[in-house]
Amino acid sequence: MKLHHIGIVCTESDINKFFFRPKKKFIYNDKIQKNKLIIEHNPFNDLWIEFVIPKSEKSTVFKFLKKNGPGVHHFGYETKNFENQKKILSKKKGYLFINSFKTTIPCFGGALK
């Protein structure tokens, strides 16, 4: 299992306040979760940064942003066997499994769970 991406919830104007601004970015409108995703890949460490911007009050992250302000929302990990890794982590202290869903984001190379 390796770190794939860091998800940061913010408004579009908040992006300029973070430690870097995306130079080459991918933009994806997630119609299911009602979010705009601005995604950048850092080829030096193979890490993706995902800025998650709520598009409406029905967005999955709208309440999070309103309550907590902009900041880290999640860490996405890459694994070859998701179900097996989920069982292993559920038995360890310090890991909280909240939800799982499958989506397709083209710049991430296809389907994500």
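I39 has E50 as its bridge partner in β4. The two strands involved are β3 (residues 35-42) and β4 (residues 47-54), which pair in the antiparallel sense over 8 bridges. Strands here are DSSP runs of E, at least two residues long, numbered from the N terminus. Two strands pair if DSSP finds at least two bridges between them.

This is a predicted model, where local features need pLDDT of at least 70, side-chain atom pairs count only at pLDDT 80 or more, and totals for chains, interfaces and linings use all residues. Residues are numbered from 1 along each chain as its sequence is written, and side-chain values use heavy atoms, with hydrogens and water left out.

Now step back to the sheet. Its 5 strands run in the order β2-β3-β4-β1-β5. The sheet is open, and its pairing is mixed. At the edges lie β2 (25-30) and β5 (71-78), each pairing on one side only.

Next come the salt bridges. The term means a side-chain nitrogen of Lys or Arg within 4 Å of a carboxyl oxygen of Asp or Glu. The count is 2.

One joins D46 to K2, with the closest N and O atoms 3.0 Å apart. D46 sits in the loop between β3 and β4, while K2 belongs to strand β1 (residues 2-9), 44 residues apart.

K36 and E12 also meet in a salt bridge, at 3.0 Å from N to O. K36 lies in strand β3 and E12 in the loop between β1 and β2, 24 residues apart. K36 is buried, at 18% relative accessible area; buried means under 20%, exposed over 50%, and partly exposed in between (1.4 Å probe, protein chains only). E12 is partly exposed, at 42%.

Definitions and conventions
Helix = DSSP H or I, 4+ residues; strand = E, 2+ residues; numbered from the N terminus.
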